Amino acid sequence: MAGTGRLERTATERAARTLSAWSVTTKVSTALLTAAWGVLGGLLGPRTAIGLAGVLLLATPLLLPRRPAALPAEPEPAT
């Protein structure tokens with residue numbers, strides 16, 4: 001949803017440029033994280049690196065922004 005909202009606020013003539021930038025950024029960040037995790041696996045051992053990755057994946061929901069719970073709708077008074 002956030003990406004869609006940003007793209008809707010982007011000027012029409014820049015949409016292709018924005019999508020290309022997102023694509024390049026995604027590919028570069030994937031390559032860098034893969035290399036970093038390879039180095040970490042070489043230093044700590046593969047099991048430890050995989051375990052750390054699992055712990056970090058399980059912890060990612062804690063990084064999401066919190067939204068207040070929606071209040072239940074109050075029933076309308078009967079007439």
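1. Which residues does Thr18 touch, not counting residues up to four places away in sequence? Thr18 touches Leu7 and Thr10, where contact means heavy atoms within 4.5 Å. Thr18 is found in helix 2, and because its relative accessibility is 17%, Thr18 counts as buried (under 20% relative accessible area, with exposed over 50% and partly exposed in between, for a 1.4 Å probe and protein chains only).

2. On the basis of these values, this is a predicted model, in which local features need pLDDT of at least 70 and side-chain atom pairs count only at pLDDT 80 or more, while totals for chains, interfaces and linings use all residues. Residues are numbered from 1 along each chain as its sequence is written, and side-chain values use heavy atoms, with hydrogens and water left out.

3. The protein has three helices and zero strands (DSSP runs numbered from the N terminus, helices being H or I of at least four residues and strands E of at least two). Of its 79 residues, 6% count as buried.

4. Helix 2 (residues 15-44) packs with helix 3 (residues 46-59) at an angle of about 130°, their axes being 6 Å apart; axes are lines fitted to C-alpha atoms over the stretch in contact, and angles run from 0 to 180 degrees between N-to-C directions. Helix 2 is therefore oblique to helix 3, a term for angles that are not under 35 degrees (roughly parallel), over 145 (roughly antiparallel) or 65 to 115 (roughly perpendicular). Helix 2 contributes Trp37, Leu40, Gly41 and Leu44 to the contact, and helix 3 contributes Pro46, Thr48, Ala49, Leu52, Ala53 and Leu56.

5. Just after helix 2, Gly45 takes a positive phi of about 105°.
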